[in-house]
Amino acid sequence: MSHTQALCRFLADLHYAQLPENVLARTEDLYLDWLASALASKGAHPIPLFERYAQKMGPSSGPAQVIVNGTSSSAYFAALVNGASSHLVEQDDLHNSSVLHPATVVFPAALAAAQDLGKSGRDLLLASVAGYEAGIRIGEFMGRSHYRIFHTTATVGTLAAAVAVGKLLDFNQEQFINLLGSAGTQAAGLWEFLRDAADSKQLHTAKAAADGLLAAYLTAEGLTGARNILEGDQGLAAGMSSDAEPGKLSAGLGSRWALLETSFKFHASCRHTHPAADALLELMQREQLAAADIARVETRVHQGAIDVLGRVNVPASVHQAKFSMGTVLGLIAVHGKAGLTEFHELALTDPAVCAFRDKVSMTLDPEVDGAYPQRWLGRVTVTTQDGRTLHGAIDEPKGDPGNTLSRTELADKFQRLAQFSNARTPAQANALIDKVWDLRNTTSMAHWL
C-alpha cells in the first residue's frame, strides 16, 4: 500500500466517535477563529469583487450562506467568497511544519457543502478534522522547496478542501484516491503577487476552497482522477518540489492529531513576522526601551521568512504592509501592538512607524533556519542609540500550541474582528460565539448564520 493509499484509507475509515475531546474542542476554536477572520473583511477590497462575481455568475439565492454580506448562493460560490474573505486580514490560523493556513480553505468548503447537503454540526466537525489532517500531511510532504515558489495554502489547500467535502459525502477509499487526483491537478498559486501588492492571495484561497468542492462533487458523480497525483512521476511532488518526503503522508495517522498543532494568529500580519515581533516586544519590555531608544534591529530569521518578506521593502498597501518585517516591528515598537486598527490607521502614514521600518533588517540564522518549519523561533539583536547591543529570544510565539490563545482570548479576538468591520454588534458576536461552541449539538447547518 502506498502512502497515498494509506492516507485515503484513514480518511474513509475516520468516524466522529474516534475524535478525542481535545480535537473536537480545538476544531470548534479554529472554526470560531476562521469565522472572525471572514467577518473582519466585510466591505474591504477586494472582497466585494468576489461578491459581485458570485452574484453575476451564480444563482440569486441558494442553500449556502455568504458570510460577509448575509446573502446565499450555491455551495460553489459561497465557498469561493468565504474562502477569499477569510484570508484578507491575516488573522486566520497557520500550521507550522506544513506552512499551511488550513482554516481559510477547509471551513469555507466544508460549511458550504454541509449547508447544501443538510449535514449536522458533528458532520461538519468530522469533515473539518479530515481536511486538516490530510492538508497538513500533504503540506509536510511537499517540503520547504515547494513553499519558496508556491503558496502552499493555494496548492495544498485545494486538496484539503476537497477532502473535507469528500468526508461530508461519505467517500470510500477509492473515491478519496480519485478525489485527490482531481483536486491535485487543479492546485495552483504563486508568490510572485507579493512584489506588486496584487490581490492574488484572496484569489488563491477562494479558488482552493471552491475547486476542492468542485472536485468532490464531480467525484461523487463518478469523475475519476489520477491515482497517484501526490507521489507519481508526473504528480504534484515531481512538478512542485525537490525535497518531498512521501512518508509524511501517512505518518502517525490515527495517533498524531496534527490539527492540535495549529497556531492562532495574535498579530494581524504574515506569520513569518510574529516570532521577531514577540522577541522585540519582550526585549523592549524587559529593558524598558522606547522606539526612540533603538538605532537598529537585526531580525535573525529562517529562509522562508526571507523568501516571503524579502519581496516587500516599502509597502504600497495595508495588505502588503503585513508582509513588511520593518512595518510590523515599527508598529510593535511605536504602538505596542500590530492589530487591524494599527495597520489600517498607522502602518502607511505614521512617520514614526515608517522611520522605524528603515531600522530593521533580516539576516539568515542557522539555528532559526534549522528549527524551521517545525518551530518558528524569534531572535532579534537591538542596537540602542547609546551604543548597547541587546538580544531578544522567543521560542514559542503567542498563539503557538505551547503558548496558545485561551477561549477567553479567542472570544475577545472574535469581538475585535467583528467590530472592526461593523459586521456584528457585541451582542450578536456573543451569540455567534455561543453557537460555535455548541456546534456538536447542532442538528442542521442549514441557515446556521
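Biologist: Which domains does the lining of the largest pocket draw at least three residues from?

Modeller: The lining takes at least three residues from each of domain 1 (3-265 + 410-441) and domain 2 (271-394), with bounds that come from an automatic or database domain assignment. This is a predicted model, in which local features need pLDDT of at least 70, side-chain atom pairs count only at pLDDT 80 or more, and totals for chains, interfaces and linings use all residues. Residues are numbered from 1 along each chain as its sequence is written, and side-chain values use heavy atoms, leaving out hydrogens and water.

Biologist: What makes a residue part of the lining of a pocket?

Modeller: On a 1 Å grid over the protein atoms alone, a pocket is an open set of points with protein on both sides within 12 Å along at least five of seven lines, and lining residues have an atom within 4 Å of a point. The largest pocket holds about 290 Å³ of space, and of its 15 lining residues the closest to its centre are K337, G339, L340, E342 and R416.

Biologist: Why is helix α5 called mostly covered?

Modeller: Buried means under 20% relative accessible area (1.4 Å probe, protein chains only), and 13 of the 15 residues of α5 are buried, so the helix is mostly covered.

Note on methods:
Buried < 20%, exposed > 50% of the residue type's maximum accessible area, 1.4 Å probe, protein only. Helix = DSSP H or I, 4+ residues; strand = E, 2+ residues; numbered from the N terminus. 1 Å grid on protein atoms, 1.4 Å probe; cavity = no way out; pocket = protein on both sides within 12 Å on 5 of 7 lines; lining within 4 Å. Points joined across faces, edges and corners; volume = space filled by probe spheres on them.
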